[in-house]
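Q: I am new to this structure and would like to learn how to read its features. Could we take them in turn?

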Amino acid sequence: MSFEFYKNIGEVLKEYEINSSETNCIIETEIDVRESFREDLEFCLRELTFEESDYAVCETIIFPVLKELYCLYRDKFTLWSHKSLIYNEKLSGVPDYIIAKRSPLGKEIFDQPFFVLWLLKLNGMILLRDGVNV
């Protein structure tokens, strides 16, 4: 979706003639969570405040969770933080996180994004928005 030019995703779908569909593409998978990660996450949720800072949410909750999961799949994907996405002059921006296909050329090469996540703030409430490459 546009990061500043468009007011909603419907405008993007219409202008670029994209068909929209929804599906549950997350397959619930049981994984072993390191105890040190669990303790750190519980500490952050219990002791830190997030009401005034999107960055606090990103740095103490979202990125550590993504990183923990990414470690299991790093041979197939790369995890990007605040990587610019540019389709054209109107459709571009910087999402908070992207999980992309790992390029055979190395981790430094940005390949096809599979998952894009950005935080939205509405009336002081932090919302998560995710999307996949269309």
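Q: Is Cys71 buried, partly exposed or exposed?

A: This is a predicted model. Burial is read from relative accessible area, where under 20% counts as buried and over 50% as exposed. Cys71 has a value of 36%, so this residue is partly exposed.

Q: Is Cys44 buried or exposed?

A: Cys44 has a relative accessible area of 7%, so Cys44 is buried.

Q: How many disulfides does the structure hold?

A: A disulfide is a covalent bond that joins the sulfur atoms of two cysteines. In this structure the number is 0.

Q: At what angle do α2 and α3 pack?

A: An angle over 145 degrees counts as roughly antiparallel. Helix α2 spans residues 35-47 and helix α3 spans residues 54-73; they pack at about 165°, and their axes lie 10 Å apart. The two helices are therefore roughly antiparallel to each other. Their crossing is left-handed.

Q: Which residues of α2 and α3 meet?

A: On the α2 side they are Phe37, Leu41, Cys44 and Leu45, and on the α3 side Thr60, Ile61, Pro64, Val65 and Glu68. Sorted by class, this contact has 7 nonpolar, 1 polar and 1 charged residues. Cys44, one of the α2 residues here, is the buried cysteine described above.

Q: Where is Ile99 found, and which residues does Ile99 touch?

A: Ile99 is in strand β4, residues 97-102. Leaving out residues up to four places away in sequence, Ile99 touches Leu66, Phe77, Thr78, Leu79, Pro113, Phe114 and Phe115. Sequence separation and spatial distance are read separately. Ile99 and Leu66 are 33 residues apart in sequence, and their C-alpha atoms are 8.9 Å apart in space.

Methods. Residues numbered from 1 in each chain as written. Predicted model: local features only at pLDDT ≥ 70, side-chain atom pairs only at ≥ 80, totals over all residues. Heavy atoms only, no water. Axes fitted to C-alpha atoms, helices over the stretch in contact; angles between N-to-C directions. Helix = DSSP H or I, 4+ residues; strand = E, 2+ residues; numbered from the N terminus. Parallel < 35°, antiparallel > 145°, perpendicular 65-115°, else oblique. Left-handed = near helix turned anticlockwise from the far one by under 90°. Contact = heavy atoms within 4.5 Å. Nonpolar A, V, L, I, M, F, W, Y, C, P; charged D, E, K, R; others polar. Disulfide = S-S within 2.5 Å. Buried < 20%, exposed > 50% of the residue type's maximum accessible area, 1.4 Å probe, protein only.
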